[in-house]
There are 2 protein chains.
Amino acid sequence: MKLLEDKILKDGLILEGDILKVDNFLNHQMDTVLLDEMGKEFSRLFDGKNINKILTIESSGIGIAVVASRYFDNCPVVFAKKGKSANVGGDVYGCEERSYTRNVVYNVQVSKKYLNENDNVLIIDDFLANGEALNALIEICHQAGASIAGCGIAITKAYQKGERRIADQGIEVQSLARIIDMHDGQIIFG
Amino acid sequence: MKLLEDKILKDGLILEGDILKVDNFLNHQMDTVLLDEMGKEFSRLFDGKNINKILTIESSGIGIAVVASRYFDNCPVVFAKKGKSANVGGDVYGCEERSYTRNVVYNVQVSKKYLNENDNVLIIDDFLANGEALNALIEICHQAGASIAGCGIAITKAYQKGERRIADQGIEVQSLARIIDMHDGQIIFG
């Protein structure tokens with residue numbers, strides 16, 4: 001998606017440790033016009049898939065998922081919670097996720113009330129790198145017996161193992177910006 | 001806002017410890033049609049205020065804020081981060097927030113890049129009870145020298161101290177559902 005790629009080239013920052021910082025428009029400050037175009041593009045990419053629910057994970061996936069819902073017949077959005085929360089009851093699907101960015105292990109949870117075998121789920125997230133978060137969401141869908149229509153990712157670092165890891169499970173991954181190389185301040189899409 | 005009040009009466013659950021659980025439509029699973037109507041109502045309540053930025057806090061405020069942005073000329077949404085995050089740089093506004101629900105103290109942070117003295121901010125959140133989160137966001141706006149156009153809250157527990165605490169600072173608080181009493185499974189709006 002050229003609009004997102006251009007935005008990354010214009011406003012993204014490459015930091016030490018292979019970190020691409022896009023907090024100017026995606027995961028701290030959010031450009032809602034861009035989010036809307038991203039939602040529209042996801043609906044084009046997953047057209048005809050009969051998606052009835054969008055699943056994402058707090059926090060950065062929420063804005064993308066909620067705006068995308070408009071283009072999927074306003075289907076409900078469920079966001080998985082990280083860590084033990086008093087407000088998600090005991091009756092949950094759960095999975096561990098290791099965050100490489102923060103170097104911690106999260107307990108990812110979704111209430112059993114909001115995901116079941118009748119759901120055909122589009123999983124949305126802002127980043128796909130090692131695939132830990134996405135894998136947790138996939139595992140939760142399996143626990144619920146829900147079908148996975150595919151994964152819609154804003155930015156994928158295709159040179160890390162996550163994309164392959166998901167594709168190897170036979171799950172369709174669509175990335176709006178797919179980075180195949182990133183070094184010396186250069187970002188190469190492909 | 002009758003639509004939200006009716007939804008709370010239909011799908012909200014009162015749990016022990018004065019907890020109103022609305023995770024069926026607001027803060028775990030999200031009803032995006034309802035979110036859209038809420039955004040529209042906020043734009044009516046804050047009409048003519050020349051708001052150029054929406055500030056919220058992760059995670060439950062994000063969905064509401066992003067959808068509301070549509071009705072405020074698609075202004076940028078900034079969400080404050082909780083806890084020490086490697087991805088928010090050192091150059092931040094910060095404030096502590098005590099969460100009564102989770103019984104922990106969070107470090108609430110907003111990058112200095114995304115809030116400044118030219119901003120006229122609408123603060124949006126899902127709940128107002130003791131006002132700890134909202135107060136942290138207000139303090140961050142003060143640190144940035146930003147103007148506060150008002151606070152738009154989905155659900156306020158008006159019998160707790162938060163609403164008064166904010167209003168006493170001369171800041172306009174608009175709540176879409178204002179609960180004046182909650183006991184024995186009954187919710188009274190007013």
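1. A quick word on terms before we start: helices here are DSSP runs of H or I with at least four residues, numbered from the N terminus. With that in hand, you can find E163(A) in helix α5 of chain A, which covers residues 162–167. Please keep in mind that this is a predicted model.

2. Let's stay with E163(A) for a moment. Its relative accessible area is 16%, and buried means under 20%, so E163(A) counts as buried. Setting aside neighbours within four places in sequence, E163(A) has contacts with L128(A), A129(A), T156(A), A158(A), S175(A) and R178(A).

3. Next comes helix α4 of chain A, made of the 13 residues 132–144. From first C-alpha to last it reaches 19 Å, close to the 18 Å expected at 1.5 Å a residue. Which residues of α4(A) are buried? They are E132(A), A133(A), L134(A), A136(A), L137(A), I138(A), I140(A), C141(A) and A144(A). Just after α4(A), have a look at G145(A), where phi is positive at about 75 degrees.

4. Finally, the two chains. The same surface serves both copies, and 100% of the contact residues of chain B recur in chain A.

Terms used: Residues numbered from 1 in each chain as written. Chains lettered and ligands numbered in written order. Predicted model: local features only at pLDDT ≥ 70, side-chain atom pairs only at ≥ 80, totals over all residues. Heavy atoms only, no water. Helix = DSSP H or I, 4+ residues; strand = E, 2+ residues; numbered from the N terminus. Expected span 1.5 Å × (residues − 1). Buried < 20%, exposed > 50% of the residue type's maximum accessible area, 1.4 Å probe, protein only. Contact = heavy atoms within 4.5 Å.
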